Amino acid sequence: MITVNNLNYSYTDKPFIRDMSFRVSRGEIFGFLGPSGAGKSTLQKILTGMLPDYQGQVQVHGVECKKHKKDFYENIGVDFEFSTMYEKLTARENLNFFSSLYKKKSKSIEGLLEKMGLAQDADKRVSEYSKGMKARLNFIKALLHDPALLCLDEPTSGLDPTNNRLMKDMILEEKAKGKTILLTTHNMQDATELCDRVAFIVGGQIMALDSPHNLIMSRGARTVTYRWQENGEQTAVCALDEISTDQRLQMLIHDNRLLSIHSSEPTLNDIFMDITGRALV
Amino acid sequence: MRMEKLIAGDVKFQRKYGFYFLYAILTIIYITAILAIPQSWRGKIVTLLIFSDPPAMGMFFMGAIVLLEKSQRVLCTLAVSPITPQEYIASKMISVSLISLLVAVSIALAAGKDHLFILGMGTVLTSMIFTLLGMIVAVKIESLNQFILWTVPFEIIGFGPAVLYLFGVDFPVFQYYPANICINMVAGRLPGGLKIVILCIFIAILFGLAQKSVLRMWNRLGGAKL
């Protein structure tokens, strides 16, 4: 579906994207994680054929991105982080207009508006929409022509918990239909939950690439934290793989004196900081 | 088919953003003013008015449209859609020319002008030239003030010789100047074949330049700012 080999790109004399290589399979959700200015948007622009002057091989649907024709976009849907609608037109007018630009028959606008909870506001001008409503409308726009590849940039940004869940369910629904999804996000929780694999991008380079689960398991030691009463409340932590050798814990279990016990593992954010030495800001 | 949808979208956009309303009011004002001036003055004044306003406004319309599309980031969506820069430019050119044509014909009818077909053709061609100039300038700028400043040299080059020509200040070489050919057509005079060819070549060159500018603008959207 997507093949990137030895990709290099520069806006100036200094290299910006350096020697990137990866593959994304059909039906996979692939996450790009990195701080602002790391090269995520540039990479997305290269993959969507907007920056043709790169070095290396970048193929989407078997087409070299720098040589694509305009029908290349019949199968790509891009959901930008910001609103990309005519503000004075209504949501329905915007969706009707943008869907008319594709050869493919549009998905049901009514159905998608209903699904994303915007049916009641379909005839409101976009300028009257809240940030979260605009995010949902943008997502609908990316889906209208039923593309095989979806590029989502911070799709859950500005959403309340209910709509955040709704959006994530819709993304997983598209994956279940066999769509390939590129997800650019700062939100490690979303990435952990949605992505099959993630690439940590810092300074135009991929610093790590694996499934969130593998990244967490490979780097982080899972721990067990337990509390008990002894001259006040006490807390201790031990590594999960050393639990059988922790004499105090054994004794507390034997005496039924534990107040609480829970295991924890590092988050993807911890792993990101560990690998890149950077925070996701 | 896609082109038709694109033009329909542009017309809707222009209607919603008040372009048609603005020009309906201006047309009424122009017609009232024209009917108030003596008959003997009307010919040249109407020609100058039609040449300098409805079609030449294409330049300012383009500034407004591209700036609005930039500020509302609609261009990001268009850049990753099957629309080509040629289709994008042609749609704007046709939709803006339509307003120019409607206004020009309304004024010409009210003023009792003859040769409406040639006048209409002249209006459309003038509108195309100024729309393309406006597009070339608009893709480079970020604010309306910047745009107005950048269009001043184009206005001087575009209007200067044509206005002089209309009032009899003529140099032989200027008869082949695209703006002069256009103002002649707006005045109802059919140009010769060579002049039509010059006009078509000039529009084709501007179209090519506009196409390059739009492509560069689309490639600059989003991504890192260095």
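Helices here are DSSP runs of H or I with at least four residues, strands are runs of E with at least two, and both are numbered from the N terminus. In chain B, the elements follow the order α-α-α-α-α-α-α-α-α-α, a count of 10 helices and 0 strands.

A word on the ground rules: this is a predicted model, where local features need pLDDT of at least 70, side-chain atom pairs count only at pLDDT 80 or more, and totals for chains, interfaces and linings use all residues. Residues are numbered from 1 along each chain as its sequence is written, while chains are lettered from A and ligands numbered from 1 in the order in which they are written.

**Chain B as a whole**

The C-alpha trace of chain B spans about 60 × 35 × 35 Å along its principal axes. Of its 226 residues, 43% are buried, meaning that 20 or more other C-beta atoms, placed from the backbone, lie within 10 Å of a residue's own.

**Where the chains meet**

Two residues are in contact if their C-beta atoms, placed from the backbone, lie within 7 Å. The contact draws on 31 residues of chain A and 24 residues of chain B.

**A hairpin in chain A**

Strands β11(A) and β12(A) form a hairpin with 3 residues between them, and A:Asn231 in the turn has a positive phi of about 55°.

How values were computed:
Two strands pair if DSSP finds at least two bridges between them. A residue is buried if 20 or more other C-beta atoms lie within 10 Å of its own, exposed if 12 or fewer, and partly exposed in between; C-beta atoms are placed from the backbone.
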